Amino acid sequence: MKKLYIKHISGILAVNEWQVEHCVQLLEEGATVPFISRYRKERTGQLDEVQVAQIKHWCGKFEELEKRKEGVLKSIQEQGQLTGQLEKEIASCIAMQDLEDIYMPYKPKRRTRATMAKEKGLEPLALQMLTFDVANFDSVVSSYINGDLPNRESVLQGARDIIAETVAERADIRQQVRDFYCRNSRILSKMARGKGDEGEKFSNYYDFSEPLARIPSHRLLALLRGQQEGVLNVKLEADQQIVKKIVNRFLYNGAKCNTFKLFEQLDLAVDDSIKRLLHPSIENETIRLAKEKADLDSIKVFGENLRQLLLAAPVGEKRTLAIDPGFRTGCKVVCLGANGELLHNDTIYPHPPANEKVMAMKKISNMVQSYKVEVIAIGNGTAARETEAFIKRLALPANVKVYSVSEDGASIYSASPVAREEFPQYDVTVRGAVSIGRRLMDPLAELVKIDPKSLGIGQYQHDVDQTLLKEKLDDIVISCVNSVGVNLNTASRHLLSYVSGIGPALAQNIVDFRNENGPFSSRQQLLQVKRLGAKAFEQAAGFLRIPGADNPLDNSAVHPERYALVAQMALDNNMTLEELVGNKEKAGSIVLEKYVSQEVGIPTLNDIIQELAKPGRDPRSNVKVLEFSADIRTIEDLKQGMELPGIVTNITNFGAFVDIGIKQNGLIHVSNMSDKFISDPNVILKLHQHVKVRVLEVDLKRGRIQLKLL
């Protein structure tokens with residue numbers, strides 16, 4: 001990668017250029033973000049996962065920029081207008097917008113008023129006028145009158161059209177005007193004619209104005225969605241007198257016109273340029289830039305929510321009874337083994353209209369006993385509270401705990417190719433119940449099968465840049481999977497595909513190998529998997545776990561490339577490997593400085609000691625049971641001033657949504673989270689956090705609940 005780009009990335013991330021350069025080299029060699037941040041700390045100067053992911057992102061952006069530069073150079077060269085200076089300016093660009101500004105005057109375009117004026121031979125006159133010194137101005141203008149230009153005004157109009165386009169396409173002018181709009185314009189919206197009835201959700205924006213530089217990302221995205229749906233007319237407003245001063249400062253650059261008539265024509269051309277060309281163009285670019293920033297804010301919020309959701313506490317390998325509640329269609333019940341395998345499914349009808357409570361009680365009791373159920377998972381959708389109350393009235397064993405589980409995305413999964421592949425003989429209701437049970441056992445392993453946009457945790461996720469959204473969310477899923485580690489012998493093909501260096505094809509090959517040869521007994525066996533070569537093994541091995549393996553390090557995050565080093569540590573300290581692994585006291589007594597080498601430094605050695613002390617540690621916390629208020633079943637039961645328990649289900653820039661045990665989630669606006677100013681709700685709350693809230697307002701008509709965090 002060019003030194004220019006490395007220097008730019010270094011400045012953005014505030015790290016040394018050599019760190020960026022080494023990271024780029026590793027990425028070009030095929031290393032993944034988790035592998036680099038975990039196992040190549042010495043080479044990158046301990047860049048963390050976020051920094052490595054950002055470097056990878058910028059590498060992609062600069063690759064796109066280089067391709068665009070090639071296209072621009074080729075286009076200008078074919079026009080015969082490429083100069084050494086122009087080529088140098090293009091080469092030094094580090095932003096796509098700067099490149100497009102340079103290219104604009106040379107960009108092939110449809111016939112404009114300026115091109116038509118040029119066809120009539122008026123370009124020399126326009127260029128002469130732009131020197132601000134035209135001797136005998138009237139005489140020069142008259143010399144251009146001919147059959148196509150029958151009078152003086154037609155000549156002047158054509159010259160002004162060329163000047164207007166020239167002004168509007170100057171890169172320096174565009175940059176300054178764009179900067180002014182970004183800092184000082186206001187965004188305005190009005191209701192589109194005749195759209196009042198169908199756009200009620202945008203009613204707050206029917207007569208709206210706010211400085212663009214201060215508008216929160218969620219409001220900007222709401223405005224742009226309203227515009228896209230045809231409900232709102234959105235525009236920017238900026239002081240055009242200041243814009244004109246900016247243009248004139250660059251245009252004249254201290255020079256003066258030698259005649260008032262020439263100045264008058266240039267002034268008219270500048271006014272026309274600003275109104276007809278510059279303002280519409282810069283308005284679009286400024287809104288696009290503001291949206292890009294809003295997209296990043298929205299994606300950041302979504303990403304943080306997704307990370308918290310994927311790393312939610314698991315109950316672990318417990319025999320589970322899962323219920324997808326319902327009224328008329330009944331409650332679908334499944335029993336799952338400790339590894340999530342489907343053992344049994346049935347349907348019960350404890351609620352109206354069937355009211356088969358006695359039969360439902362017998363079925364649940366028999367299933368709990370027959371399948372030695374340890375936990376019960378109940379989906380939090382329709383009939384959830386009624387089903388939970390019914391289950392808790394049963395005489396269940398004391399050790400069986402009941403959990404409410406989010407159903408978001410379960411229906412998407414149940415109808416997906418992944419679900420059909422897993423359970424081809426069962427319908428969507430059984431698959432949905434299985435998903436509810438499995439996401440209690442291990443949220444990460446189950447939720448990776450579902451498109452993150454279907455998990456109910458986003459903020460305008462369908463309105464943001466979908467390519468960028470996918471890139472960022474994929475990075476987060478990969479980060480979460482690899483930070484937790486994956487059981488090589490039980491992981492699904494889908495979960496394995498997110499492991500560093502694996503991907504979908506190798507994941508399927510691993511599953512096929514496992515099906516044909518039985519469980520893996522060592523990481524080294526991975527090299528027997530079809531098409532899994534040395535590079536893939538290097539990238540993946542440290543993130544795969546084999547409980548009960550012959551070598552205890554195979555169930556840790558110690559990379560196989562360091563097994564010999566750990567064996568030497570054990571030998572030097574008169575221990576067997578088995579005595580060392582899992583022994584915090586003995587691991588802590590090792591003198592690390594003895595093992596520093598050119599390849600292995602203190603950062604890697606510290607990681608190894610942490611793993612030896614607690615091999616295969618899971619960074620996730622323990623799951624907790626939340627008891628909703630027994631008195632609250634519907635929104636009609638809510639009263640102002642009530643204090644209720646709840647669980648955070650979604651966090652946005654403007655607040656957090658909380659499940660209080662009824663169909664509608666309540667909103668804690670950011671202003672109701674603390675007595676102090678809060679700019680980021682994630683500072684106060686986390687997804688799935690158990691909270692106590694006070695009801696501030698209940699809007700029965702719109703189904704909205706305003707809450708305050710206690």
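At what angle do the axes of helix α11 and helix α15 cross? I looked this up in the model, which is a predicted one. The α11 axis (residues 152-168) and the α15 axis (residues 260-310) cross at roughly 55° and come within 8 Å. That makes the two helices oblique to each other, and the crossing of α11 past α15 is right-handed.

Next I checked who touches whom. On the α11 side I found, among others, Leu156, Arg160, Ile163 and Val167, and on the α15 side, Leu266, Ala269, Asp272 and Arg276 are among the partners. Sorted by class, this contact has 10 nonpolar, two polar and seven charged residues.

Then on to Leu544, in strand β10 (residues 544-545). I have it down as buried, because its relative accessibility is 0% and the cut-off for buried is under 20%. Leaving out residues up to four places away in sequence, Leu544 touches Val486, Leu488, Leu496, Val499, Arg523, Leu526, Asp554 and Ser556. I also noted Ala557: 13 residues from Leu544 in sequence, with 7.8 Å between the C-alphas.

Pro352 and Pro353 are joined by a cis peptide bond, omega about 5°, and Pro353 sits in the loop between β6 (342-348) and α16 (357-370).

Asn253 is in the loop between α14 (240-252) and α15, and at 67% relative accessibility it counts as exposed. Ala383 is in the loop between β7 (375-379) and α17 (384-392), but at 5% it counts as buried.

How values were computed. Residues are numbered from 1 along each chain as its sequence is written. This is a predicted model: local features need pLDDT of at least 70, side-chain atom pairs count only at pLDDT 80 or more; totals for chains, interfaces and linings use all residues. Side-chain values use heavy atoms; hydrogens and water are left out. Axes are lines fitted to C-alpha atoms, for helices over the stretch in contact, and angles run from 0 to 180 degrees between N-to-C directions. Helices (H or I, at least four residues) and strands (E, at least two) are DSSP runs, numbered from the N terminus. Angles under 35 degrees count as roughly parallel, over 145 as roughly antiparallel, 65 to 115 as roughly perpendicular and the rest as oblique. A crossing is left-handed if the near helix is turned anticlockwise from the far one by less than a right angle, and right-handed if clockwise. Contact means heavy atoms within 4.5 Å. Ala, Val, Leu, Ile, Met, Phe, Trp, Tyr, Cys and Pro count as nonpolar, Asp, Glu, Lys and Arg as charged, and the others, Gly among them, as polar. Buried means under 20% relative accessible area, exposed over 50%, partly exposed in between (1.4 Å probe, protein chains only).
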